[in-house]
Amino acid sequence: MIGPASLRRVTSTHPRLLDAALAALVGGAGMLPLLFGRWPDGDRASGADAVAAVAAFLLLLARRRAPLPVLALTVLGEVAFTVLASQPSRALKVTVLLVIYTVARTVPRRTALIVTAGTALVLYAVITYAMGSAYTPEAGAVFAWTGMFAAVGGTVRTWRDYVAAVEERALRAEASKEAEARRRVAEERLRIARELHDVIAHHIALITIQAGVAGHFLRDRPDQADVALGHIRDGGRTVLDELGSLLRVLRQSGDESDATQPAEPVPGLARLGGLLESLTAAGLSVRHRQTGRPRPLPTAVDLAAYRVIQEGLTNAHKHGATAEADLLVGYGPDALRIRITNLLHARPSPVPAAAGTGHGLTGMRERAHAVGGSIRAGAEPDGRFRLDVRLPLPKAAPPAGTHTPDGSGTALYPTAAHGRQG
């Protein structure tokens with residue numbers, strides 16, 4: 001069933017369709033009395049009524065394209081019909097009222113007011129001529145009908161102008177808001193870049209120069225080399241202090257409490273055991289398996305791997321059908337591979353679900369892409385959700401037993417309590 005909203009959408013998209021339907025309705029109503037020979041009020045129907053019905057049909061088809069000329073032709077047709085048939089045409093009378101509505105809705109208001117008043121006077125004269133008296137109810141009703149249709153057209157015009165103005169203001173406000181946001185982001189980026197340049201460039205240049213001096217005096221004049229190394233230490237300490245101050249300024253307002261916390265090492269796979277223990281305490285059973293020989297990872301890759309596992313297992317705990325998940329960490333010659341699977345549906349799903357679009361997957365995808373890796377996430381046909389992450393590693397592996405930057409060795413995490421190690 002077609003509702004008002006659907007009808008309004010169709011008529012706004014295809015206005016000519018509405019014109020054709022209205023013209024067919026008026027023209028058909030003008031032709032119908034010819035089948036019975038009389039109008040409902042008893043007047044005889046003639047061939048002139050058929051001509052008037054056809055004229056009304058054609059005029060209504062063109063009313064939207066040229067409302068003023070169509071109104072003039074309709075009024076002239078009504079006058080001619082009245083003179084020839086000694087009575088007004090009902091079809092043309094209805095057409096005049098509909099065209100008056102169109103004129104009031106489309107042309108300037110002053111023009112519409114003048115045209116409506118003139119049309120009402122002409123129709124009054126036509127009715128007076130046909131009835132032989134200026135005081136008949138039909139003559140007085142002409143002003144009421146023309147005024148009503150003109151008022152409706154003017155109201156529709158006002159409402160549409162108001163809606164258009166509101167939409168335009170909303171679009172301008174949205175555009176200005178986006179422009180302001182882009183401008184502020186650009187200014188903030190420029191400010192950060194300027195501050196980073198001021199903090200780093202000068203001291204790094206001094207460190208480079210002093211490193212060259214130390215290398216020059218290292219064998220022949222070690223005392224001078226020691227002085228140069230002292231300058232390098234002082235410059236590095238200054239860079240770290242100033243960078244720390246800058247990062248504290250850039251920290252969000254809700255993170256002030258973090259400034260009082262002691263500095264902790266950057267999380268990595270060396271802390272995976274603690275992460276798995278915390279998840280086990282929260283009720284998630286993780287079957288952990290490891291392949292390949294563990295080795296120290298670049299800091300960025302190590303951090304990305306830890307955060308991806310943390311977020312992936314957290315999502316498995318929140319969205320899984322059971323409190324169980326499988327974790328595979330594989331050390332390859334050129335990449336670190338992470339796979340997390342958990343039961344998503346109680347029964348197998350015939351169609352694989354699309355990858356999620358929440359903030360969790362978005363964050364993992366950004367972390368993987370930031371270090372040149374890739375990520376694939378989605379539901380399998382057996383109802384299990386699978387997360388595959390590949391993070392690139394340097395070609396040359398460090399010697400065994402080398403410690404990571406946070407002081408941990410290559411034994412990255414305990415596995416006895418969480419599963420078997422491959």
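Which helix does Thr116 lie in? I looked this up first, and the answer is helix H7, which covers residues 109-131. I note here that the model I am reading is predicted.

**Entry: the whole chain**

I stepped back to see the setting. The chain has 422 residues, and 30% of them count as buried. I found 12 helices and five strands in its secondary structure. I then looked at contacts with a separation of 6 or more, and 69% of these join residues 24 or more positions apart.

**Entry: Thr116**

Is Thr116 buried or exposed? Its relative accessible area is 10%, and buried means under 20%, so Thr116 is buried.

I looked next for what surrounds Thr116. Leaving out residues up to four places away in sequence, I found that Thr116 touches Ile100, Thr146 and Ala150. I also checked the polar atoms of its side chain. One of them lies 2.7 Å from the backbone oxygen of Ala112.

**Entry: H6 against H7**

Ile100 belongs to the H6 side of a helix pair, where Thr116 is among the H7 residues. I therefore looked up how H6 and H7 are placed, since their directions are classed as roughly antiparallel. Helix H6 spans residues 90-106, and its axis is 10 Å from that of H7, at an angle of about 170°. Angles over 145 degrees count as roughly antiparallel, which is why H6 is described that way relative to H7. I recorded the crossing of the two as left-handed.

I listed the residues that meet. From H6 they are Lys93, Val96, Ile100, Val103 and Ala104. From H7 they are Ala112, Val115, Thr116, Thr119, Leu123 and Ile127. Sorted by class, this contact holds eight nonpolar residues, two polar ones and one charged one.

**Entry: H5 against H6**

I moved on to the contact of H6 with helix H5, which is made of residues 67-85. At what angle do the axes of H5 and H6 cross? They cross at roughly 160° and come within 9 Å. That angle makes H5 roughly antiparallel to H6. The crossing of H5 and H6 is left-handed.

The H5 residues I noted in this contact include Leu71, Thr74, Glu78 and Phe81. Among the H6 residues they meet as a group are Lys93, Val96, Ile100 and Val103. By class I wrote down 11 nonpolar, five polar and two charged residues for H5 with H6.

**Entry: Ile100 again**

Key:
Residues are numbered from 1 along each chain as its sequence is written. This is a predicted model: local features need pLDDT of at least 70, side-chain atom pairs count only at pLDDT 80 or more; totals for chains, interfaces and linings use all residues. Side-chain values use heavy atoms; hydrogens and water are left out. Helices (H or I, at least four residues) and strands (E, at least two) are DSSP runs, numbered from the N terminus. Buried means under 20% relative accessible area, exposed over 50%, partly exposed in between (1.4 Å probe, protein chains only). A polar contact is a pair of N or O atoms within 3.5 Å; within protein, one must be able to donate a hydrogen and the other to accept it, and residues adjacent in sequence count only if both atoms are side-chain atoms. Contact means heavy atoms within 4.5 Å. Axes are lines fitted to C-alpha atoms, for helices over the stretch in contact, and angles run from 0 to 180 degrees between N-to-C directions. Angles under 35 degrees count as roughly parallel, over 145 as roughly antiparallel, 65 to 115 as roughly perpendicular and the rest as oblique. A crossing is left-handed if the near helix is turned anticlockwise from the far one by less than a right angle, and right-handed if clockwise. Ala, Val, Leu, Ile, Met, Phe, Trp, Tyr, Cys and Pro count as nonpolar, Asp, Glu, Lys and Arg as charged, and the others, Gly among them, as polar.
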